[in-house]
Amino acid sequence: MIWINLWLGKYHILSILDSLSSNPHVFLASHVKLQEYRVIKKISKNHPFFGQLKNEARFLSEYNAKFIPKLYDVEEDRNNFYLVEEYVDGVSLASETFLKDGLKEKELVSIVMELFDFLKFINSLEKSVLYIDWKPDNIILAKDGIKIVDFGSVLYLEDGDSSMGLATDGFAAPELKKGDRLGSYTDIFGFGSVIKYLADRVESKKSIFNTSIKDKILKLSVKCTKEIPKNRPGIREIKGIIQRLKSSRHIPSQIKRTGSIIRDITARRIGVCGASIGVGTTHIAFYIAKELSALGRRVAYVSLDREGDIRAAFIEKSESLKNVQIYNGAYEEDISYLIKKGFDNLIIDFGKIEEFTALFYSCDEKLIVVQNNFIKNRDMEEFLINHQDEIGEKGWMILDNLSDETQLEVTMLRLKKLGYRIECKGIGIKRI
């Protein structure tokens, strides 16, 4: 059923996501102008869980990571409080869809490694933050990896937050139930209980010579779920155990890595811009298109630069681009039309960019091409300084074109001095 009422002035409500609830408060919505899905969480200010939704809003507004949904908006009226979050398209680790065919050991290790990455992230925050509500229902396998949802039970220990929050039986640490002191060991218990849940659903071949991957993870879970918190391993010890698990990280429904430039081949829109003219922006954009096409993706290269003659001559000579659809000299207004044509990837070549446009910001991957050499490094530094407040961390990458190891180290040092924490990659010579 599609609803047509307009909520908060910009959203159409499409369906109820907590349909079994007698008082639904989680909705799937569509942003009217952007035509993108959103999740809207609504709660009465008189509801007992009102504080938890405010807690979730606080956490999502303070932190940005690949594991957690984006928070787009916070609204309220006289009676209700609303959170507008990223819609995570995937399946929970508790769903029948995920578990009906069982797990393989390779898949198990991939999930465990990503869950550990989230555990490290929580443990590394400047404020002492605990996630608390570890359970399969709150862990979603999306197209770009694991997503953790429901942050209503997050605790800020430095603020003196000693609330027990929500603790799910079978996954919650003993200190949560007893009201004892909490710490990072509390989340380690939750991590251990979830990986046990997953390992128990894996069939492994018995061997009298080697311990199976499943058994190794079960042993790790036993260590993490010790009754006494001080007996549980720390982050460093867990990291050592996980690094010794010899297995591929591939999950069939998860992203695949190209091992080269693109981190996520499922990224729909990949924007490529140059810090200056002549740094190789178009060459890199072509290489990415070729790379994705070779993986069986339907790829379009879209040039927004009006100087199309050079590109046309380049394309004519390149046999390796024969499976890539070329749109030379396009306009930003054409992008929505091209998206509807069903391409898996749009490689959008912005050329030399003076100011980031809304289209560039909307790209799933935002790649900035630089050259750190005697001719180009002045343009690179000027570009980085001028855009210091605009370039973010998630989804952004600096590509140091034609760099060797020494040049890349200089580039990364310069980024660090400027306060950037963005990923930087030296890409050497990539031939089309």
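These legends describe close-up views of a predicted model.

**View 1. Helix α13 has a buried side and an exposed face**. Helix α13 covers residues 405–418, 14 residues in total. From first C-alpha to last, α13 reaches 20 Å, close to the 20 Å expected at 1.5 Å a residue. The buried residues of α13 are Leu408, Thr411, Leu415 and Leu418. They cover an arc of only 90° around the axis, which puts them on the same side of α13. An α-helix has 3.6 residues a turn, so residues three or four places apart point the same way. The face turned away from the buried side carries exposed residues: Glu405, Thr406, Glu409, Lys416 and Lys417. Glycine 419 follows α13, and its phi is positive, near 95°.

**View 2. Three strands form an open antiparallel sheet**. The strand order is β7-β9-β10. Strands β7 (90–92) and β10 (145–148) are the edges, and each pairs on one side only. From one strand to the next, the twist averages 30°. Helix α3 (residues 105–124) packs on the sheet and touches β9 and β10. The direction of α3 makes about 45° with that of β10.

**View 3. Strand β9 runs antiparallel to β10**. Strand β9 spans residues 139–142. Four bridges join β9 to β10. Isoleucine 139 stands opposite isoleucine 148 in β10. Strands of a sheet pair through backbone hydrogen bonds, either parallel or antiparallel.

**View 4. Isoleucine 132 and aspartate 150 have positive phi values**. Most residues other than glycine have a negative phi. Phi of isoleucine 132 is near 75°. Isoleucine 132 sits in the loop between β8 (129–130) and β9. Its relative accessible area is 4%, so isoleucine 132 is buried. Phi of aspartate 150 is near 65°. Aspartate 150 belongs to the loop between β10 and β11 (155–156). At 28% relative accessibility, aspartate 150 is partly exposed.

**View 5. Aspartate 73 and lysine 10 meet in a salt bridge**. The distance is 3.0 Å, N to O. This pair links distant parts of the chain, 63 residues apart. Aspartate 73 lies in strand β5 (residues 71–76). Lysine 10 lies in the loop between β1 (6–7) and β2 (11–16). Aspartate 73 is buried, with a relative accessible area of 16%. Lysine 10 is partly exposed, at 28%.

**View 6. Glutamate 86 forms a salt bridge with lysine 147**. The closest N and O atoms are 3.8 Å apart. Glutamate 86 lies in strand β6 (residues 80–86) and lysine 147 in strand β10, so the pair ties together parts that are 61 residues apart in sequence. Both glutamate 86 and lysine 147 are buried.

**View 7. Lysine 178 meets glutamate 227 in a salt bridge**. The distance is 3.4 Å, N to O. Lysine 178 lies in helix α4 (residues 174–178), and glutamate 227 in the loop between α6 (213–224) and α7 (235–243). They are 49 residues apart, and the pair links distant parts of the chain. Lysine 178 is exposed, at 55% relative accessibility. Glutamate 227 is partly exposed, with a relative accessible area of 48%.

**View 8. Glu36, Arg38 and Arg269 belong to one network**. Salt bridges that share partners join these residues. Side chains of opposite charge can pair when their charged atoms come close. Across the whole structure, a search finds 16 salt bridges.

Terms used:
Residues numbered from 1 in each chain as written. Predicted model: local features only at pLDDT ≥ 70, side-chain atom pairs only at ≥ 80, totals over all residues. Heavy atoms only, no water. Helix = DSSP H or I, 4+ residues; strand = E, 2+ residues; numbered from the N terminus. Expected span 1.5 Å × (residues − 1). Buried < 20%, exposed > 50% of the residue type's maximum accessible area, 1.4 Å probe, protein only. Arc of directions from axis to C-beta. Pairing = 2+ DSSP bridges. Axes fitted to C-alpha atoms, helices over the stretch in contact; angles between N-to-C directions. Contact = heavy atoms within 4.5 Å. Salt bridge = Lys/Arg side-chain N within 4 Å of Asp/Glu carboxyl O.
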